[in-house]
Amino acid sequence: MADLDKYRNIGIFAHVDAGKTTTTERILKLTGKVHKTGEVHDGEATTDFMDQERERGITIQSAATSCEWNGHRLNIIDTPGHVDFTIEVYRSLKVLDGGIGVFCGSGGVEPQSETNWRYANDSEVARVIFVNKLDRLGADFYRVVKQVEDVLAATPLVMVLPIGIEDEFKGVVNLMDMKAYIWDDTGLPENYEVTDIPADMVDQAKEWREKMVETAVEQDDDLMEAYLEGNEPSEEDLKRCIRKGTINLDFFPTYCGSAFKNKGIQLVLDAVVDFLPNPTEVHAQPEVDLEGNETGEVATVDASKPLRALAFKIMDDRFGALTFTRIYSGKVAKGDTVLNTFTGKTERIGRIVEMNADDRIELDSAQAGDIVAFIGLKNTQTGHTLCDPKNPATLEPMVFPEPVISIAVKPKDKGSAEKMGLAINKMVAEDPSFRVETDEESGETIIKGMGELHLDIKVDILKRTHGIEVEVGKPQVAYRETITSRVEDSYTHKKQTGGSGQFAKIDYVIEPGEQNSGYTFESSVTGGNVPREFWPAVEKGFRVMMNEGVLAGFPVLDVHVNLVDGGFHPVDSSAVAYETAAKAAFRQSMPKAGAQLLEPMMKVDVFTPDDHVGDVIGDLNRRRAMIQGQEPGPTGVRVKAEAPLAEMFGYIGDLRTMTSGRGQFSMEFAHYAPCPANVAEQVIKETQERKAAG
């Protein structure tokens with residue numbers, strides 16, 4: 001049995017380029033997991049194993065790896081920093097017990113670090129802070145500490161002070177044992193010596209240690225009283241208090257160093273072991289029943305309890321689909337059958353592997369606290385719960401944001417259509433923030449994602465991984481048509497050919513329906529002038545015509561038709577005659593009823609730092625948005641608005657420019673609303689030109 005006290009499930013997260021992947025590499029080197037350190041800028045990092053990651057020098061997928069430090073097992077997930085891939089960070093934080101927040105010594109608290117910090121707060125993940133790149137020009141540890149307080153509204157507990165800065169950075173003062181750790185210039189992490197604190201830093205070190213001790217002893221009333229009476233707490237008591245405060249999210253132990261130069265990483269690893277929680281110390285995952293209501297039960301981390309595991313990531317590689325899973329309770333062995341509570345079906349675990357980025361180590365079994373990958377699961381997707389078939393329960397599922405941008409794609413050669421469909425379905429299974437649908441009207445394949453870079457990478461994966469060249473189109477807005485006034489009208493359909501003819505007369509009212517009602521029909525005919533058996537034919541005739549409006553051929557919404565009277569011929573009247581009459585009646589009356597173009601309106605939720613609110617609102621107004629409210633928060637303001645979809649293309653780029661990259665937004669469909677006349681004219685003109693050209 002593994003000792004869960006010795007487990008740490010941690011993630012490393014930060015803004016783009018703060019040095020997460022480099023920090024992970026150094027941790028792997030220090031713990032003996034890799035012998036040659038790979039560099040991100042050479043495209044050699046262990047956890048960046050996709051072609052696109054190596055080329056762009058950014059992390060796109062979160063990668064998992066495990067290592068050992070001081071007798072503890074660390075399961076580490078290196079997450080992406082780019083805003084388009086926040087979903088990877090979100091789902092990693094959901095299954096982790098602790099994290100290392102990496103901040104750049106010169107860049108400080110950057111936009112994506114704010115977003116990730118918010119996600120970590122939502123998931124209640126304990127963190128230690130590592131201020132990296134202190135050897136860089138413009139690095140300032142104390143400024144970053146201040147930003148953590150001001151921008152993130154968090155309490156950093158400073159544990160080390162830097163010795164020297166920029167090119168002079170050579171080590172740190174450890175406030176716990178009041179010693180200086182100084183590395184030499186070989187760049188080897190093990191080449192350091194522990195000496196006395198430099199004379200010019202003694203007073204500063206005492207002052208910061210006092211702050212650290214005062215904050216820590218607040219976690220224990222007896223220790224605090226003793227400290228106020230002049231008794232210094234022991235190192236053991238101090239560690240206990242810091243661990244308690246870290247797990248309660250009262251403060252965040254803060255370290256500094258240079259991952260690239262191999263300075264300061266050991267102390268961060270010690271902090272992970274000393275202060276971050278083991279799997280049994282975090283809030284247990286709440287269980288819900290099959291309807292999604294909380295049952296009051298929780299998945300306690302205990303290998304002797306029934307199996308509860310959450311699939312948090314699907315990855316397709318050359319060996320087949322890997323299902324990354326966090327096991328919360330119970331045990332699972334190769335060949336076991338587990339129940340997927342989302343699909344209600346059982347699945348067999350073919351193989352269990354421990355991942356080291358894209359290498360794997362085969363395991364016979366895994367247990368509570370482990371993060372492993374299963375091979376052989378067919379129908380399990382991100383957020384699904386795997387459990388003991390005899391004792392089913394569902395863990396709280398993950399909620400993924402809706403995509404905000406969509407484009408049309410089609411294969412360059414017709415033969416690849418089926419291949420493209422299969423590839424896109426695989427990509428959808430891997431990435432819950434990536435969606436696909438077929439546009440009923442144009443037959444095009446529409447892919448949707450979290451941003452332009454997100455879709456750019458997806459098109460690149462289609463090309464490289466699956467060998468499919470695609471053409472990317474401009475996104476089209478799905479407009480609709482409706483009417484604005486009530487029209488009473490009559491139409492007679494008469495056709496005389498040899499033998500029996502066709503006859504149908506209908507008197508009807510066409511009027512605007514309720515918003516979002518679509519098309520509704522009623523008949524108030526009395527006296528049998530239109531026999532009851534022909535009413536469905538009239539209804540069908542109108543309904544068929546609603547697919548193509550009279551303005552620009554868009555589907556028609558929110559129209560109510562009432563059949564009030566008519567006439568029939570005992571021989572010549574038939575269902576076909578009444579259906580034909582209704583179709584012609586539609587063409588005759590729609591132009592009289594004040595046909596109008598409708599456009600999709602989106603619910604937009606924009607997050608912006610306080611100092612850019614005016615710019616953001618001004619820009620939304622220019623996009624014909626209606627501002628509906630503002631909600632101030634600790635790190636910025638959320639602006640809620642309704643805006644036409646047509647005006648929101650390219651918005652993410654403009655928003656990032658306006659807010660120095662710190663703004664974010666989400667958008668979902670709200671309803672259809674009338675188009676302003678000038679916009680409608682332009683859309684009708686463009687549609688007619690496209691039809692003429694096509």
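Helices (H or I, at least four residues) and strands (E, at least two) are DSSP runs, numbered from the N terminus. The model on screen is predicted, so local features need pLDDT of at least 70 and side-chain atom pairs count only at pLDDT 80 or more, while totals for chains, interfaces and linings use all residues. Residues are numbered from 1 along each chain as its sequence is written, and side-chain values use heavy atoms, with hydrogens and water left out.

Begin by selecting helix α5, residues 141–152, whose 12 residues should span 16 Å at 1.5 Å a residue, which agrees with the 16 Å between its end C-alpha atoms; the expected span is 1.5 Å times one less than the number of residues. Colour F141, V144, V145, V148, V151 and L152, the buried residues of α5, where buried means under 20% relative accessible area, exposed over 50% and partly exposed in between (1.4 Å probe, protein chains only). Looking down the axis of α5, you will find these buried residues within an arc of 155°, so they line one face of the helix; the arc is that of the directions from the helix axis to the C-beta atoms.

At the start of α5, show the side chain of D140, one oxygen of which reaches to within 3.1 Å of the backbone nitrogen of Y142. A153 is not a glycine, yet it has a positive phi of about 55°, and at 51% relative accessibility it counts as exposed.

Next, select helix α6 (residues 202–217) together with helix α7 (residues 221–228), whose axes come within 8 Å and cross at roughly 140°; axes are lines fitted to C-alpha atoms, for helices over the stretch in contact, and angles run from 0 to 180 degrees between N-to-C directions. E210, V213, E214 and V217 of α6 make the contact with L223, M224 and Y227 of α7, contact meaning heavy atoms within 4.5 Å.

Go on to L249, in the loop between α8 (235–247) and β11 (252–256), which has a positive phi of about 65° although it is not a glycine. L249 is partly exposed, with a relative accessible area of 25%.

Now pick K458 in helix α11 (residues 452–464), a buried residue with a relative accessible area of 9%. Leaving out residues up to four places away in sequence, K458 touches M427, D431 and F434.

Finish at I627 in strand β35 (residues 626–633), which is partly exposed at a relative accessible area of 31%. The C-alpha atoms of I627 and K640 are separated by 6.2 Å, although these residues are 13 residues apart along the chain.

Technical notes
Polar contact = N/O pair within 3.5 Å; in protein donor to acceptor, adjacent residues only side chain to side chain.
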